[in-house]
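Have the sequence and the 3D view open as you read.

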Amino acid sequence: MTGWFKKGSLKNRRTFEPRVIPRDQHPISRKQVSRAALDVLYGLHKAGFEAYLVGGCLRDILCGREPKDFDVSTNATPEQVNRLFKRSRIIGRRFQIVHVRFGREVIEVSTFRAMNREDNPDRDQHHAHEETGMVLRDNTWGSIEEDALRRDFTINALYYNIADFTLHDFVGSLDDIDEQVIHLIGDPETRFREDPVRMLRAARFAAKLGFHIDPATGDPIPDLAELLLQVPSARLFDEVLKLFLSGHARDSYEQLQSLGLFRFLFPETQQALEGEKGQIWEAMLLAAMDNTDKRLADGKPVTPAFIYAVLLWPIIQERMGHYLSSGLPPAQALHKSATRALNTQIKHTAIPRRFSTVMREMWELQLRLDKRAGKRADAMMEHPRFRAAYDFLLLREQAEEIKPGLGDWWTRYQEQDEQGRRQMISELGNQPGGGGNKRRRRRRKKPAAEG
């Protein structure tokens, strides 16, 4: 749908002159807005407050995409919004917002924020900056014009007024959407220092929308990428999920690499990618990302555990080599390698235990998939992580990390009936090593000497 707005129609587009587009001159309709979002908008409006749809939902509609989330902006304070809607709660400390729940849908409502004012006597009550310039708290309320200037990118700074259905453009948003360019609002270094996650958002929007990043916005990022080390690891975990589990994982990865951001999210993985087997590891990562994107496109479920398991696998394999050479058995070497990899990674991006446990099981099953004799193959298929481990094995073969063959065997085994499976198991005995399943016979203890 881009191209509907005439290019160049905004004069002095970088001077932030507001433009109001009437309903008959823009394509956004209430039919494209969720019932829950409309209820919030009308609820605020009837209570005498200003109420606007804002941000990504409008951008996506103008780009011909179906919006997934609807955000609302208003001049009502969080406390006023909270009192107005029964099923709502105020969240956040750094930026206070209100979540209004309608069944499983949550509408995020934010209050217009003011620009930083050096002459504000109450400034210290609302803003707390580290020496780096990162904003720790920001709950100073302002006007819609100020709120637009406080948003991160021009493509996210449109406002749709529920009172008269007009579209408000304060920063040249429509031109940038039409030209498919990502511009940061304000001085890039200052804005990135205020919130380093904006660098990740630039990469994600470029990947998701297929837009290019304006040089004035993108050029400073490699030099500022280290600022990500100051962001809480839990927040970065959420950002990684948005990057890799939203249907554009490969493009996100390529953006992160080109902007120098990936190494600050997965530093040890980056080291492995730059090592001797770097091409193999990157092939495996890209194959996993392509598979994830395809599953999402097909409406199939995905889990953070799988993509994280692939991202950390190069580290585990390289560490395992060291432990094996020192005489540790494979299972112990894998366990120690996994523990060290996870302990290092959570310093950068948190990994909840419910996911790290699944990752460990997937890794450990890689050592057991070759143990197929007797009833072991059937027992393996009953393991709750078998399918994920099997998919993981196929990725390893596809990337030529290991020789092909085992993955094909398991593919055929799953397709066989009972008789066919028994035949496949019996044939293992004729192969060299018999599938690695020979049992060690216990040595009988000698009877203790009398006397």
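## Aromatic pairs

There are 17 aromatic pairs in this predicted structure. Rings of Phe, Tyr and Trp (its six-membered ring) pair if their centres lie within 6.5 Å; planes under 30 degrees apart are called stacked, over 60 edge-to-face, and the rest tilted. Helices (H or I, at least four residues) and strands (E, at least two) are DSSP runs, numbered from the N terminus. Tyr159 and Phe170 are both buried, meaning under 20% relative accessible area, with exposed being over 50% and partly exposed in between (1.4 Å probe, protein chains only).

There's also a cluster: ring pairs link Phe237, Tyr253, Phe262, Phe266, Tyr308 and Phe355.

A word on the ground rules: this is a predicted model, where local features need pLDDT of at least 70 and side-chain atom pairs count only at pLDDT 80 or more, while totals for chains, interfaces and linings use all residues. Residues are numbered from 1 along each chain as its sequence is written, and side-chain values use heavy atoms, with hydrogens and water left out.

## Arginines over rings

Look at Arg372 next: its charged end sits over the ring of Trp409, 4.7 Å from the centre. Likewise, Arg421 lies over the face of Tyr413, at 5.1 Å from the ring centre. To qualify, NZ of Lys or CZ of Arg has to be within 6 Å of the ring centre and within 35 degrees of the ring normal.

## Helix α16

After α16 comes Gly327, with a positive phi near 105°.

## Strands around β6

Strand β6 (residues 105–111) runs parallel to β3 (residues 71–74), joined by four bridges. Strands pair if DSSP finds at least two bridges between them. Ser73 stands opposite Ser110 in β6.

With β5 (residues 97–102), β6 runs antiparallel through five bridges, and Val100 has Ile107 as its bridge partner. Two residues lie between the strands of this hairpin, where Gly103 takes a positive phi near 65°.
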